[in-house]
Amino acid sequence: MKNPLHYQVTNYDCGPTSMLNAVSFLFDRESLPPEIVRNIMLYCLDCHSSDGIPGKMGTSCSAMMFLSSWLDGFGKLDLLPISSSYISDKKVYIGQNSLINDTLVRGGAVVARLFYDEWHYVLITGIENDNLLLFDPYYREEPFEENEDIKIVTDHPFSYNRIVPISCFNCEEEKLYAFGGFDMREAVLIFNNDTKLTQEDTVEYFI
């Protein structure tokens, strides 16, 4: 059985929440070992605030890179049919030959860092027409006045709560749901290897 995706409980835990949502999206609850939950929480929230409070600056890119490597190693030990890879810089974009597009059309999930009011992690779960489907762990009810094309939805609790135009993501400025400058970009690509489609099974996705 799959679990509904969940929201962060503080202003800082979008990173571990999005990673936990990724494995919840890809795997049945019964198949997930508790070590996955333990280590996601252990490796994230590694950034200290300016006054030295641990976790109050969220999760670093280095922690996400390490966590991605650990998940991939966990899969290679045959402890869970999971694979993961970390990308950054100019590899993080939506469009032709994008690794993110490839992951989504082959049944994977993407945890991406992008701009909200500040840098923020979300889970991207699909492509629909000219939009990406994502689950933003930051709970919000009011519509986005700055971009009315971004839709808040509540009827897909197992997969997404936002429908966001693809045009938002590739922006290099610090705008809503933008990946931002290339030096700020990162994403973790995650697959359930038992449900992962091969490239031969899918038609290459162009935008």
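Here is a short chat about a predicted model, looking at its sheet and at one glutamine.

Colleague: Hi! How many strands does the open sheet have, and in what order?
Modeller: Hello! The open sheet has seven strands, in the order E1-E7-E2-E3-E4-E6-E5, and their pairing is antiparallel.

Colleague: Which strands stand at the edges?
Modeller: Those are E1 (82-88) and E5 (151-152). Each has a single partner strand, so one side of each is left without a neighbour in the sheet.

Colleague: What joins E5 to strand E6?
Modeller: Two bridges do, and E5 and E6 (residues 162-165) run antiparallel. If you want a spot to look at, find Lys-151, which stands opposite Ile-163 in E6.

Colleague: Nice. Which strands does H1 touch as it packs on the sheet?
Modeller: H1 touches E1, E2 (109-115), E3 (119-128), E4 (131-135) and E7 (186-192). The direction of H1 makes about 25 degrees with that of E3.

Colleague: And what about helix H3, which strands does that one touch?
Modeller: Helix H3 (residues 61-76) also packs on the sheet, touching E1, E2, E3 and E7. Its direction makes about 155 degrees with that of E1.

Colleague: New topic: where is Gln-8?
Modeller: You'll find Gln-8 in the segment before helix H1 (14-26).

Colleague: Is Gln-8 buried or exposed, and why?
Modeller: Gln-8 counts as buried because its relative accessibility is 11%, and the cut-off for buried is under 20%.

Colleague: So which residues is Gln-8 in contact with, leaving aside neighbours within four places in sequence?
Modeller: Those are Asp-13, Cys-14, Thr-17, His-120, Pro-137 and Tyr-138. Besides that, a polar atom of the Gln-8 side chain lies 2.9 Å from the backbone oxygen of Thr-10.

Definitions and conventions. Residues are numbered from 1 along each chain as its sequence is written. This is a predicted model: local features need pLDDT of at least 70, side-chain atom pairs count only at pLDDT 80 or more; totals for chains, interfaces and linings use all residues. Side-chain values use heavy atoms; hydrogens and water are left out. Helices (H or I, at least four residues) and strands (E, at least two) are DSSP runs, numbered from the N terminus. Buried means under 20% relative accessible area, exposed over 50%, partly exposed in between (1.4 Å probe, protein chains only). A polar contact is a pair of N or O atoms within 3.5 Å; within protein, one must be able to donate a hydrogen and the other to accept it, and residues adjacent in sequence count only if both atoms are side-chain atoms. Contact means heavy atoms within 4.5 Å. Two strands pair if DSSP finds at least two bridges between them. Axes are lines fitted to C-alpha atoms, for helices over the stretch in contact, and angles run from 0 to 180 degrees between N-to-C directions.
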